[in-house]
Amino acid sequence: MLSMTISPKSRLCACLLLAAALGACSKQEEAAPAAGATPPAPSAPAAAAPAAPPAPAVAATVQAMGADQLRDAASQALRENRMYAPAGDNAMEYYLALRDKLPDDPGVSSALTDLMPYTVIAAEQAVGREQFDEAQRLVALIEKADKTAPALPRIKQSITNSQQAVAQRSEAEAARAKAEVEARAQAQQQQLAQQQAAEAEAARRLAAEAEAAREAAAERQAAAAREAAARQAAAQQAATPAPAPAPAPAQRNLRPISMASPRYPPDALRAGTSGEVLVEFTVGTDGSVTDARVLRANPARTFDREALNAVRRWRFEPVDAPVTTRRTVAFNPGGG
């Protein structure tokens with residue numbers, strides 16, 4: 001324990017005591033986060049925070065204590081290795097407050113001189129751990145103890161440099177995170193473009209198949225009409241000439257105006273599943289699809305909904321009477 005009047009021998013013992021206490025105090029500081037407190041994150045934007053008014057080096061509660069109370073508290077703090085921490089309950093603050101009350105006491109000045117190098121080391125260690133608030137608190141203690149301390153400019157500059165380094169690291173991490181987000185967004189755009197291209201190709205194939213089916217149906221109808229006309233002419237030639245009834249008007253062929261392409265189900269597209277759906281539907285006199293149902297699907301229930309949704313949007317030229325027909329809607333992710 002340091003006394004107010006210190007002999008050379010006692011002062012040597014006090015220095016040895018302080019050296020041992022520094023090691024124990026440093027261990028207490030390092031162990032404090034494990035006891036429940038959360039240590040400051042290395043990348044915390046300490047430099048970016050607005051500058052707050054500096055707290056007084058000595059806590060108000062310490063300054064309010066009497067001289068005898070401060071002397072006892074300082075001795076107790078030294079015995080318990082609380083030389084400069086925690087804030088508001090350490091030997092350094094108690095002796096600084098005691099010096100304010102007893103400025104000419106040589107024992108107080110001697111105690112502060114002995115405590116100064118350990119406080120300096122603790123401040124440098126706090127800077128190394130990027131605990132800038134703690135470093136500033138210790139700098140305030142050093143400055144109050146001795147404004148001309150040689151270590152003060154170095155520690156202050158070290159705090160400034162470390163805060164700038166932390167800010168630069170935070171900016172670099174933010175830039176890296178932004179680049180990763182942009183890369184993911186670009187990959188998603190490319191995937192979407194590929195999916196749209198596959199859907200467009202599927203629509204093109206469907207339109208081509210529908211056109212081929214329409215042409216084949218028209219050809220079959222024309223052939224049937226020619227065959228019926230030939231049979232009727234042969235029958236007229238063999239029969240006794242008689243007034244022939246007026247022929248019934250021929251039903252017009254279904255001519256598409258627009259045939260919406262079906263949407264390719266995303267799950268089926270990713271899985272590379274292909275198939276076809278046979279849809280029966282009725283075209284009203286205005287050319288719109290009035291009814292649609294699935295007759296056959298392979299595979300079942302994979303493309304039914306999208307096939308029906310597409311067929312219901314189809315439009316044809318108006319006809320004399322409703323016409324019921326069938327179409328096969330094909331799905332092929334390969335584009336061939």
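Q: What makes a residue buried or exposed here?
A: Buried means under 20% relative accessible area and exposed means over 50%, using a 1.4 Å probe and protein chains only. What lies in between is partly exposed. The model is predicted: local features need pLDDT of at least 70, side-chain atom pairs need 80 or more, and totals for chains, interfaces and linings use all residues. Residues are numbered from 1 along each chain as its sequence is written, and side-chain values use heavy atoms, without hydrogens and water.

Q: Which side chain of opposite charge is nearest to Arg 327?
A: Lys and Arg count as positive, Asp and Glu as negative; His and chain ends are not counted. A salt bridge needs a side-chain nitrogen of Lys or Arg within 4 Å of a carboxyl oxygen of Asp or Glu. Arg 327 is buried and has no salt bridge. The nearest opposite charge, 8.9 Å away, is on Glu 211.

Q: Which residues does Arg 327 touch, beyond those up to four places away in sequence?
A: Contact means heavy atoms within 4.5 Å. By that rule, the residues touched are Val 277, Leu 278, Val 279, Phe 281, Trp 314 and Phe 316.

Q: How many salt bridges are there?
A: One joins the side chains of Arg 82 and Asp 89 at 2.7 Å, N to O. Another joins Glu 134 and Arg 137 at 2.8 Å. The count comes to 16.
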